[in-house]
Amino acid sequence: MASQKVKELCQDLILNDEALKDVCDNLEEEINKGLGKDSNPEASIKCFPTYVRELPNGKEKGRFLALDLGGTNFRVLLIELGDKCTMDSRIYAVPQPIMVGPGDGLFDHIAECLASFIKERNLGDELLPLGFTFSFPCKQEGLTKARLARWTKGFKCEGVEGRDVVELLKLAIARRGDVRIKICAVLNDTTGTLMSCAWKNYNCRIGLIVGTGTNACYMEKLEKVELWDGGNDGPHQVVINTEWGAFGDNGCLDFVRTQYDINIDRESINPGKQLYEKMISGMYMGEIARQVLLRLISERLLFGGCSSDILQEKGSFFTKYISEIESDKDGDFSNCRAILEELGLDDVTDTDCANVRHVCECVSRRAAYLAAAGVSVLLNRINEESITVAVDGSVYRFHPHFHNLMVEQISHLIKPGIKFDLMLSEDGSGRGAALVAAVASRSASMR
Ligand code: GLC
């Protein structure tokens, strides 16, 4: 059992029903602002229309290439859609200097990986349609035009904000001159996740990512999208990429933010930005836990008041530790002890372990509840009888209780009468990208 004093100190990480209700109300208001023509320029949640207006019908066919940039790795994929979906892919690292170097360097790197994949797989003779999953906030001006609004998640390449990333990719490919491609769609990972699940699940209306970053997209009625400028022919709906990671950037979440959140934001590459994301996603959860642990140590409530050199280092408590520690069975601390040992903390008691676990639980529970608040707002907006939410991302995938915590909280927050389920969506950034490209060509041929 965690000690009483530790529980008291962690109290500010606990969100009660009333606070969560207020989070929902604020989010609803911010989404409305984002969708409004006049209010959008000031809105922190940008609600970008994606130009994806149809969901797949399960009959899509063909071979596609996909590029996936925006998580921890960059991938190139070859996807074959038919009755089943098969996939071949390769992961390439994005070295840290490229993540924060000049934009041309980043796009040259992407083009190089693509060229080597095409050569390795002998795809040079085919002109395959390509979907580009670029998981950063982009203002789309069409299915193949997306201007980067701002970098998030540790990327900061100069000369890209405000530019069309499809254009930058084409220029990089032209600089090499050794591959030909046909870019059919640019999309966010949330859209890919939604499409990938909607392929076989016709109730799917929301795509959610809780991974390195967090974000959600959903199918909205055109009449509610005041800023829509893409014409009024049917279908009268469009997928909206909310970019809800930026929720709170105008101060409206200050009532739930703690000193730990303030510290993390201050130390980050993008202070003042993505404040909701910084409370929820994998890039930050471990660091929040580390901050709390350091506080407990300084109050002599943990490890007899002794820290370790490693734990003092920023970023040393990985988010995956939270999942591992919470995977220990009740009363068993084997993962916890092994991790603490890795961090240079050998002489720990069972009470220390119980306290560390409590900190992890508070951090992950708060993240899950905040994400649940977001999903509830979208479910209530869509307001259909039965809605599937497609979910992906490392935190959702690997944390042992995240799914259950979210389901429990969403059930409290949604309107009676709405049934929902959260479904792990397999490979949104690959299959989803292929589906957006496929649906795009279907819609074009129907017009
Ligand atoms: C960040 C990005 C967003 C992406 C999310 C999940 O919030 O801004 O575009 O969907 O991370 O990867």
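**A quick tour, starting inside**

The structure holds 1 cavity of 30 Å³ or more (on a 1 Å grid over the protein atoms alone, a set of points where a 1.4 Å probe fits but cannot get out; lining residues have an atom within 4 Å of a point). The largest cavity has a volume of about 40 Å³, volume being the space filled by probe spheres set on the points, joined across faces, edges and corners. This is a predicted model, where local features need pLDDT of at least 70, side-chain atom pairs count only at pLDDT 80 or more, and totals for chains, interfaces and linings use all residues. Residues are numbered from 1 along each chain as its sequence is written, and side-chain values use heavy atoms, leaving out hydrogens and water.

Select the lining of that cavity: Phe134, Phe136, Cys138, Gln140, Ala146, Val186, Leu187, Asn188 and Asn241.

Next, pick helix 2, residues 17-35 (helices are DSSP runs of H or I, at least four residues; strands are E, at least two; both are numbered from the N terminus). Here Ala19, Leu20, Val23, Cys24, Leu27, Glu30, Ile31, Gly34 and Leu35 are buried (under 20% relative accessible area, 1.4 Å probe, protein chains only).

Now jump to Pro235, in the loop between strand 10 and strand 11. The peptide bond from Gly234 to Pro235 is cis, with omega near -10°.

Last stop: Gln274, in the loop between helix 7 (259-267) and helix 8 (275-280). Its phi is near 60°, a positive value in a residue other than glycine. At 2% relative accessibility, Gln274 counts as buried.

Notes. 1 Å grid on protein atoms, 1.4 Å probe; cavity = no way out; pocket = protein on both sides within 12 Å on 5 of 7 lines; lining within 4 Å. Expected span 1.5 Å × (residues − 1). Buried < 20%, exposed > 50% of the residue type's maximum accessible area, 1.4 Å probe, protein only.
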